[in-house]
Every structure is written in structure tokens, then in C-alpha cells.
Amino acid sequence: MTELSKQKALVQYAAQIGDNGLIIGHRMSEWCFRAPSIEMEMALMNCALDLIGQARELYTYAATTQGEGKTEDDFAYLRDEQDFRNALLTEVPNGDWGDTIVRLFFMSAYNKLFFTALTSSKDSELAAIGAKSLKEVTYHLRFSSEWLIRLGDGTEESHTRVQNSIDSLWAYTGELFTMTDAENLLLEDGIAVDVTALKADWVTLVAQILEQATLTFPTNDWAQLGGKAKGQHTEHMGYIITDMQYMQRRYPGCEW
Amino acid sequence: MTNEQEWPLWEVFIRSKAGLDHKHCGSVHASDAEMAMESARDVYTRRSEGISIWVVPSNAITASKPEDKESLFEPADDKIYRHPTFYDIPKGAGKM
Amino acid sequence: MYGDTSIQKPIEIAEPTSEEQARLEEIFQQKIDDNIKIEPQEWMPAAYRKTLVRQMSQHAHSEVIGMQPEGNWITRAPSLRRKVILLAKIQDEGGHGLYIYSSAETLGTSRAEMIEQLQTGKAKYSSIFNYPALSWADMGTIGWLVDGAAITNQVALSRCSYGPYSRAMIRICKEESFHQRQGYELLLSLSRGTDEQKEMLQESVNRFWWPSLMMFGPNDSDSPHSAQSMKWKIKRKSNDQLRQEFVDATVPQAEFLGITLPDPDLKWNEERGHYDYGEIDWEEFGNVINGNGPCNKQRVANHLKAHEDGAWVREAAAAYAEKQQNKQVA
């Protein structure tokens, strides 16, 4: 393996955090005209706007750090599937409202801890992005926690459905707490967050909400890995990329 | 779909900036107060219109009846002595 | 966005049944003539209430159904900047639908009832949304022409006699001012781009021009009942008046874009001080309104599916709220 420069690692790191935002934001935006009420439509679109907004800032920072004259759009539209380093959790299909809420809840609980830690990054730009994003994901966490409780402690049907969502998405949560080479390298300088250290707090937070929601904490600890470390995604990712990059691939080099 | 009970209606009041009163701006449907609050935030403050929100169940509001308008409000119309302009103060007395 | 409703049968206006009612109607009309807004709990003729509920619910449905053609392109937007603009814009449509449902509910019709009427086909929405959004250029054209037409209508409606509707319109017009601009800006990028982009632009305008003119409803000579709506100040300008305003404002914008509007009869009339335009294909209009548009079935089916898929969610939230209330009581 070739030596990873600190600069390259920083580009990868910023882009990888951005990938999480863009891909989950993409999924949230797919809820447009499909939510259980107009109010919920509005809520999900606000989340999507926050998350895609985070991706834009991070890609722009990655592009600047890279210094090759690229833009946020090069990162979103002209990289291949394997270049995306989002966690698998962000890319799996929306499923029903319960699946979407559980995914948003797992991710927001992680994001809350992650961005809190990122605000102490030695890299002032990342720290600033962390501080801004933290406010947004705090709201997402509140929104998704409350919904999880409503569904868990709602009707028998909703309880069963959302317990299934928890159980099936659980396998994707472990990946959030794994470290990439870039992360390890940047951790030495106090730039990257040690995500392995976030797991205990995440488990406590999740367990607490699941209990309130009368839901059972999963016991299966097997983690599906691949997206974050290697760009090896689920089968679903290819369709996201195809959809998202269609215009840029079909009409290369145009201004829109 | 007709048998389903609709989520209750909540009236939304927003304080647009510090120092101003909350002002009515519309309504949302929500199953509980928290949801109403968050929906009000998602619907009515997308352009930084607010810094504080009240939500009230619509059926908790008691409103005066339009047909009572004359008896409720017109009696105040001739109490002009409640207004400062009713009083003649000579200029010499200074600003008052 | 906007849904014109003048295409339907007028609501019957009953003769006053008593002297008392005749007196109330006279007072009511006097208020309207004096430009005093009518507020929810106040007395109003049954036909005024019915006309308003119909117009407002159909306006709200148009906003909500209008999310579909644009929603079709969110995941394919060609830049992140365009993507967030489009998302925010579509979100506004949802918000506007909600503001208007909210105002309509003050007249005693629940949102559930209105939505049921939409799903059973009893209530209409603007015919424009039964046309498909086939290219990225359509995201610009919809903003420029469809929102442009809507704004022309809605500015007039913000002076409507019914207080809650008028207030919702004021808020909506303020928010929508960015909708037309973003659409036009998008089209400007295409007009400055490659030949393929220019073709995409022209092709899109070719499809949307006539349906946009149809948004204003039938010619005045064919909408006899709008006189009553004008008298009640539910409608403030006639269909043809608004259509003319729209054409006059749009032609120079089209010239600036360097495109041709698909109407050989379109030309400046010095004498009238307005643009003349060709005859609208009212047969197509009638067909689209009556269910034969390219997307009518799809639009309603999507709405119904979302509604049905969400039923267990709405029930769960209601059940949870009930449990919480019972706990408080206990």
C-alpha cells in the first residue's frame, strides 16, 4: 500500500463525511410526495436539505484542500461508486416510514456524537463545519427519537413493524464505529475523530430511546462492512449513483 | 380511509424576534404537542421567521362571537377620554 | 402554484328564504363592497362558503399534486446547488398546500374531507400538473411559466375578500417570488450552454407554453359564473385579463432567452397595447381536466398510495397520544 499523505488523507476524510450526508440526504429526498402527511413531508425535506448542505460544505473543503481546481460537484457527480465512502447504513433503501425513522435515528445518534467530537478537531475548518452540523443533527435526533417512541409504543402493528426495522438495520450500525487508514493517520494530529470511542455513548443513547419506545435492543453483533473502508457497497448504491449522476454523465462538461 | 380519525388541529403562534409578541400564523395537524411544535417549526419557520413557537390545540381556544361585536367592542368607542389627544395642554407646559 | 376552478359547474345561489336572511346578505355584500375582509366565524351566504371551500381546496390540491412533476427530478438534479434549490422549492409547494388547507379548514371542512375528494376525483386540481416533466429543462420551465402564471393569479387573489385566504396568499406570494426567478435562471444557464442544452430548453417551452396559458381557465365568454365570484371578490380579475397580463410579461422574457414561443399568431398589437396570441386548444384542455391527460391517473394514484402507506403511521401516532393522555389522567 502506498504511503498516504496527510493532505490526501484530509481530502478523503472530508469527502467521506460528506458522502454520508449526501447519500442519506438523497434517500430522504426520495420521500418527496410519499410521506404520511404534508407536515412529515416538510420535515423530511428539511432533513434532506440539512444533510445535503453538510455534504456541500465538506466537498468544497475537500476540493480546496486537494488544490486541483475541483468543486463540490466533481465530488458528487464525477466519482465512481467505489470512490464513495459512505457507511452502508446511509444507502439502503428507504423501506417504510419505520425503516426510514430507524435509519435516521441510528445515523442522527451517531452524527450527534460525531459532530460534537469534530468541533474539537485541530482542523479549524472541520471544527466549524462540525459546530454548524451539530445543530442540525440534534434536531434530526429529536425528531427521529420521538417518532421511534410513537411507533414503538403506538399500535401492535407499528410496534412489530418498527422492531423489524431495528433488527434488520442493526447490522449496518457497526460500520459507523470502524476506522479507515485516513482516519487513523489524521487522529495522530488530533484532526480526525476517534469513532471507536463513540460507540459506548451511542449504545447508551440508543438503548435509552429503545426502552422508552418499549422496543428490544438487538443482540446480534455482526456488522456489515465495506462502504466506509473500501467503497464496496450494497447492490443499491449503483442505482443511487446512476440516478444522481445521469445528467452529468450524459452531458459532460456543461454548466447547469 | 374515511374511518380514520384525523390528527387534531393545532394553532401556531410565532415570535418573530426578541421583544415582539407571538403572532398567529396558521395551523398544523399533529397527534401530540411535540409533533405540533416540530411541524410548526418545519412549516412556518423555514425562512428564519421565528425564535419562539407556541402551539395550542385549536379546540382549546375560546373566541368571541362575531354577533357580539357591537356589545363587546362598540361601548369603548365613545370613551375618548382614554386617549391622550383628548386633553388640551398649552404648548408652554412642555412635552407631556 | 395555482389551480383554477372556473371550469366546473357554478354553485347554485339560493334566493334568500326570509327577510332576516335578505338583510344579512345585504350587510354581507356591503362589507365586501367596502373592502372589509370576511373572517371565519362571521355570517356568510352558503354559496360563498361553498365556492371558497371548493376554490381553496382545489388550490391546495394543486400545490400538493404539483410536487410530483418536480419531485421526479430531485434525485437527478445536475448540480448540488440546483438540487437544494429544487428541494427547497418543492418543499415550499407542500408548505403552500398546507397554508391553504389550513385556511380552508376555518370554513368548517376538514383536511381529511378535502383529501378524500381529491382521491375520489370529486375535487380537481390545476390541469397543468397532468403533464409530465420529461427533461431537466422542465424544472426551469415549470418555474418560469407555471409559477409565473400562478403568481399572476395569486397576486390578484391576495386581495380576496376572505381574510384567511387573502393572508395565506400574501405569505405565499412572498415566498414564491424566488420560484419564478430560480426557474428563469436555470433556463438562462441552458440558453448560454451547448446546442444540446438549447434544444432541451426550446423543446421544454414548446410543451409547456400552451398548457400554461390554459391555467387561467376558459375565456371570459365561456365562464359566465365568474361574475358572482367577482362580485364577492373571491376572484379579482377575469381569466382573460390575467392571461393577457401573463403573456405581456412573458414575451420579452422569452426573447431575452433567445427562444421561440410556439404560437405563429403571437405578435405585438400596437392599437391594443398588448400582445395578440393564438386560439387555445380547448378540446385538449377539456380532455386533460376530465381525466385524459398524460398523468392524471398516475398523479392521483401516487397520492393515494402515499396516503394508504401512511395509514398505519398515523394510527400509531394517534394511539401513542391517546396512551399518553390516559397516563396523565390516571
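In the predicted model, Glu175(C) is a buried residue, its relative accessible area being 4%. Its side chain takes part in a salt bridge with Arg171(C), in which the closest N and O atoms lie 3.8 Å apart. Arg171(C), by contrast, is partly exposed, with a relative accessible area of 22%. Both residues belong to helix α7 of chain C, which spans residues 163-191. Within that helix, Arg171(C) and Glu175(C) are 4 residues apart, about one turn of the helix. Because the cut-off for a buried residue is under 20% relative accessible area, the 22% of Arg171(C) places this residue in the partly exposed class, whereas the 4% of Glu175(C) places that residue in the buried class.

A second salt bridge of chain C is formed by Asp276(C) and Arg272(C), with 2.7 Å between the closest N and O atoms. Asp276(C) is partly exposed, at 22% relative accessible area. Arg272(C) is also partly exposed, with a value of 42%.

Arg56(A) counts as partly exposed, with 23% relative accessibility, while Glu72(A) is buried at a relative accessible area of 12%.

The contact between chain A and chain B was examined next. To this contact, chain A contributes 12 residues and chain B contributes 14 residues. About 1,200 Å² of area is buried between chain A and chain B, and carbon and sulfur atoms account for 51% of that area. Across the interface of these chains, 3 salt bridges are found. In one, the side chains of Arg150(A) and Asp32(B) meet, with an N to O distance of 2.7 Å. The interface of chain A and chain B also holds 7 residue pairs in polar contact, both residues of each pair being at pLDDT 80 or more. On the side of chain A that touches chain B, helices α2 (38-66) and α6 (124-152) each supply at least two residues. Helix α6(A) gives the most to this side, with 6 residues. By type, the residues of this side of chain A comprise 6 nonpolar, 2 polar and 4 charged.

Within chain B, strand β1 (residues 9-15) is mostly covered, as 5 of its 7 residues are buried. Strand β1(B) is joined by 7 bridges to strand β2 (residues 22-29) of chain B, and these two strands run antiparallel. In this pairing, Val12(B) stands opposite Gly26(B) of β2(B). The hairpin of β1(B) and β2(B) has 6 residues between the strands, and Gly19(B) in this hairpin takes a positive phi near 100°. Strand β1(B) is likewise joined to strand β3 (residues 52-57) of chain B, by 6 bridges and in an antiparallel arrangement. Here Trp10(B) stands opposite Pro57(B) of β3(B).

Definitions and conventions:
Residues numbered from 1 in each chain as written. Chains lettered and ligands numbered in written order. Predicted model: local features only at pLDDT ≥ 70, side-chain atom pairs only at ≥ 80, totals over all residues. Heavy atoms only, no water. Contact = heavy atoms within 4.5 Å. Buried area = accessible area lost by both parts, 1.4 Å probe. Salt bridge = Lys/Arg side-chain N within 4 Å of Asp/Glu carboxyl O. Polar contact = N/O pair within 3.5 Å; in protein donor to acceptor, adjacent residues only side chain to side chain. Nonpolar A, V, L, I, M, F, W, Y, C, P; charged D, E, K, R; others polar. Buried < 20%, exposed > 50% of the residue type's maximum accessible area, 1.4 Å probe, protein only. Pairing = 2+ DSSP bridges.
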